[in-house]
Amino acid sequence: MEIYQANIEKLKSELALTAKKDRQLSYVRFFIVISAVFAGYQFFANQQLLWISITGLLVFVFLLLVKNHRTVKIRAAFLQQKIDVNKRELHFLQKGDPLVFDGGEEFIQSNHNFSYDLDFFGHHSLFQSLNRAGTQAGKRILANSLLNIPKIDLAKARQVAVKELAANVSWRQSILAWSQLRPDDAESYQGLLKWSRQEPKTLRNFARILQYLLPALFLVCFALYLVLSSGLLGNVSGLLFLLNLAVFASYGKALKQELTATTQIEKTLRNYARMLVEVEGQAFESPLLKAVQQKLLHGDVCASKSIEKLASLFGRMEHVTNIVASPLLNGSLLFHVHVLSGLNRWRAAHASQVEVWLDALGEIEFLSSLGNLSYNHPNFAFPKLNREKKIRFDDLGHPLLSEVQAVTNSVDLSGNRFFILTGSNMSGKSTFLRALGTNMVLGSIGAPVFAKEAEIHPLPVFVSMRLTDNLTDSESFFYAEVKRLKLIMEQLETEPCFILLDEILRGTNSDDKRAGTMEVIKKMAAKQAYGGIATHDLEVCNVTEQFPQVLVNKRFEVQMDEDELFFDYKLRDGICENKSASFIMKKMGVI
């Protein structure tokens, strides 16, 4: 946490200097404006060329100052965002409150194999804790990576990349800070992708000639009119001005289509460009990061310059609705027709790369999010990834719990690969199952896990802990659970799977539930199932006697001392001995 506080102090000092420079530039600009007005007055009063030259020079200096001032303001906004990034990290680590980050509610899938049961999305979710992505692409790639177990080689490559990014705190925060200057929304992101997929419109040769010829004729005639004061030239200039406006009006439909797609995207694109500059300029060492970086080249052109060019074109396009500037610009220069041509040329040259570039940026944000997890939790371990079906966690805890307060447990599925877990209510069974499942997924996608040491064989993961009734499909809880179990059995026919079940078949009577649970366990034991099942039915534990090389009993216990219950949340071998339900109901006055 110390580095975040140190960063805040350092950035505040830099921001103060930038703010001072901002004020100084404002004073200088004001002085230049006053001086230019004075020089212009002297020219009109004395008709001396010296004064008009001074006026022109002052206007040129003013324009340079405007550009420099804009850069300073952007720098100040960036520094403020970077301060906010550090404040959020500090708040998160001190308070353990992830609500300052996006929870990814749009990625919730109630029928997913494991994400819904393990609370991967929504408030106080794994996604909310991990998410340091500022773009729509980054959030989508982070979500998809949590939903899909990759091949082991990709997971190993990610581990190397995540370790590299974890150490580069300032660079990671710069990427996030730039994205926060103007966070993109789903509408703008989808609008940009839709625009890039449209076929570019090509102008006929005659139209291209008119596009340059008519403005050139107008400028020549108008310049001659000013010099010669010829009424004929004035009339010709006026006619050419009107003709240019007519040409401009003929492009009205095409311009309207471009305007609809681009009015809110310029600032977002400039942020993309700034983020891309950071990525392109970084000297990566890991092969995966280098491969992602390579995607940002398209021929001899880098993505940041192309995106910046597109942002400029979109920015110019927005002026088409200005009732004063638009007639002047288009009547004299066919300005927005040229902008439209520029957009079409850009689309023809680079549109196929837009989604590739944004996905590459999203991939960097995803890996940076995992790097942030690793940096914030230096005691989390990167598991050894294997193909020998070895699954082991030493001192395992849930990654959303405080490292100081969390009670850790060790589990090894390399021998007995499936456990039957018993324990009284509130003893820690569900939390342990969620910790095991969450860390299994994290380790399998290339992230560090809450464990002292770990070894994982990435497998398809299936969890059944919190299935719900589906009223719209007239589907009961029981039927939904049976469907999930059927899916698991079908998958086990083709490959080994990692499976976690919590008190299955709750929608049936006791005898059916016991018999059904025991048959499910037997079938899983006969196949390549790794993981465990939690149950309150102690008779189910007798199944281990039939498969002693595969099944093992584990338990959580509760200690009862007069009027108090004591939970130590420690995993033990064997079958649960103590029960707490009646004790708790008596204490609460229920019975």
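**Entry 1: ground rules and the sheet**

I count two strands as paired if DSSP finds at least two bridges between them. Helices (H or I, at least four residues) and strands (E, at least two) are DSSP runs, numbered from the N terminus. The model is predicted: local features need pLDDT of at least 70, side-chain atom pairs count only at pLDDT 80 or more, and totals for chains, interfaces and linings use all residues. Residues are numbered from 1 along each chain as its sequence is written, and side-chain values use heavy atoms, with hydrogens and water left out.

I looked up the strand order first. The sheet is open, has four strands, and reads β3-β7-β4-β5 with mixed pairing. β3 (384-385) and β5 are the edge strands; each has a single partner strand, so one side of each lacks a neighbour in the sheet.

Next I checked the pairs around β4. Strand β4 (residues 392-396) runs antiparallel to β5, with three bridges joining them. In that pair Leu 396 stands opposite Asn 409. β4 is also antiparallel to β7 (residues 453-456), again through three bridges. There Arg 392 stands opposite Glu 455.

Helix α17 (residues 429-445) packs on the sheet and touches β3, β4, β5 and β7. I define contact as heavy atoms within 4.5 Å. The direction of α17 makes about 120° with that of β4. For such angles, axes are lines fitted to C-alpha atoms, for helices over the stretch in contact, and angles run from 0 to 180 degrees between N-to-C directions.

Which residues of β5 (409-412) are on its covered face? Asn 409 and Val 411 are, while Ser 410 and Asp 412 are on the uncovered one.

**Entry 2: cores**

A nonpolar core is a set of buried Ala, Val, Leu, Ile, Met, Phe, Trp, Tyr and Cys residues joined through side-chain atoms within 4.5 Å. Buried means under 20% relative accessible area, exposed over 50%, partly exposed in between (1.4 Å probe, protein chains only).

The largest core holds 116 residues. Leu 146, Leu 192, Leu 269, Phe 393, Phe 432, Leu 436 and Phe 498 have the most contacts inside it. α16 gives the most to this core, ten residues. Apart from it lies another core of 24 residues, including Phe 418, Ile 488, Cys 541 and Val 550.

I then listed the partners of Leu 192, leaving aside neighbours within four places in sequence. Leu 192 is in contact with Ile 265, Leu 269, Tyr 272, Leu 310, Phe 314, Val 354 and Leu 358.

**Entry 3: helix α12**

In α12 (residues 287-294), Leu 288, Leu 289, Val 292 and Gln 293 are buried. Seen down the axis, these buried residues fall within an arc of 140°, so they line one face of the helix. The arc is taken over the directions from the helix axis to the C-beta atoms. On the other side, Pro 287 and Gln 294 are exposed. The cover over the buried residues includes α5 (152-167), α11 (266-280), β1 (297-298) and α16 (354-376).

At 18% relative accessibility, Gln 293 counts as buried. A polar atom of its side chain lies 3.4 Å from the backbone oxygen of Glu 280.

Ser 145 is in helix α4 (residues 136-147). With 7% relative accessibility, Ser 145 counts as buried.

Val 169 belongs to helix α6 (residues 169-181). Val 169 counts as buried at 6% relative accessibility. Val 169 and Asn 7 are 162 residues apart in sequence, yet 10.0 Å apart in space, C-alpha to C-alpha.

**Entry 4: positive phi**

Leu 334 has phi near 50°, a positive value in a residue other than glycine. Leu 334 sits in the loop between α14 (325-333) and α15 (335-350). Its relative accessible area is 0%, so Leu 334 is buried.

Key: A polar contact is a pair of N or O atoms within 3.5 Å; within protein, one must be able to donate a hydrogen and the other to accept it, and residues adjacent in sequence count only if both atoms are side-chain atoms.
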